[in-house]
Amino acid sequence: MERDTTLIILAGGKSSRMGLPKGLLKHKDSFWILSQVEGFIGETIYIGLGYDHQRYFDAIPWLQQAVEKPQLHQQKKVRVVINKTPQFGLFSTLQTILIDHQMQRADKTVLITPIDVPLPNTKNQKKIIEKDNLLVIPKYKGKNGHPVKLAPEFWCSLLNIDVKDPEARLDVQIKKRNASEISYVEINDASILKNLNSPKDWQNYLNS
């Protein structure tokens, strides 16, 4: 099922509290965004950039090539989409990617994660991907986290929402669905709850 699931990494924000783009934080002799890419168990990945996209291209030149066509990185097919209106927040970056993704493969489920939330390990990713429902949300000790799995029927419904609408938020759209359409998967990885917003958050994560 991993081959039928696309990972979407949302990395279009300002990262003002961190002081530099979060995806360019140094991690294991590389960059954090590449660690996220390499940690995914599937084959297809979309990266949504917005603010500071040129800094990503300067640091990792092949990302710029991935705007024109998908690039292979350690056997992962990576496509980059630039959100031209990042001031409208994460949802606008997500919608920009989904519109492109619809043109490529409208039948695939997607996993959504912000750049500042670490992906869980292989075992827990499989638990999320293999659960079948319109929406699948991982939980750790009763708290919801990321990545969130969206079936095509759900993510296609997000395409025509005006990004200026106050309800243009993924969490708001999820709350509108019937409880029967949402499955929760309990996993044993606290990283799904993390929000790596500041240098202190990042250092605490590295230390853990």
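**Pockets and core**

Modeller: The residues lining the largest pocket divide into 17 nonpolar, six polar and five charged, where Ala, Val, Leu, Ile, Met, Phe, Trp, Tyr, Cys and Pro count as nonpolar, Asp, Glu, Lys and Arg as charged, and the others, Gly among them, as polar. This is a predicted model, in which local features need pLDDT of at least 70 and side-chain atom pairs count only at pLDDT 80 or more, while totals for chains, interfaces and linings use all residues. Residues are numbered from 1 along each chain as its sequence is written, and side-chain values use heavy atoms, with hydrogens and water left out.

Colleague: Which element gives the most to the lining of the largest pocket?

Modeller: A pocket is, on a 1 Å grid over the protein atoms alone, an open set of points where a 1.4 Å probe fits, with protein on both sides within 12 Å along at least five of seven lines, and its lining residues have an atom within 4 Å of a point. Of the 28 lining residues, P114, H146, R169, L170 and D171 lie nearest the centre of the largest pocket. The elements that give two or more residues to this lining are α4 (90-105), β7 (109-114), α7 (170-175) and β11 (182-186), helices (H or I, at least four residues) and strands (E, at least two) being DSSP runs numbered from the N terminus. The one that gives the most, with four residues, is α7.

Colleague: Is β4 enclosed or open, and why?

Modeller: Buried means under 20% relative accessible area, with exposed over 50% and partly exposed in between (1.4 Å probe, protein chains only). On one side of β4, T44, Y46 and G48 are buried, and on the other I45, I47 and L49 are buried too. Because six of the six residues of β4 are buried, this strand is largely enclosed.

Colleague: How many bridges join β4 to β6?

Modeller: Two strands pair if DSSP finds at least two bridges between them, and T44 stands opposite K77 in β6. β4 and β6 pair in the parallel sense, and the number of bridges is six.

Colleague: How many residues has the largest nonpolar core?

Modeller: Such a core is a set of buried Ala, Val, Leu, Ile, Met, Phe, Trp, Tyr and Cys residues joined through side-chain atoms within 4.5 Å. I33, I45, I47, I60 and L63 have the most contacts inside the largest nonpolar core, whose number of residues is 36.
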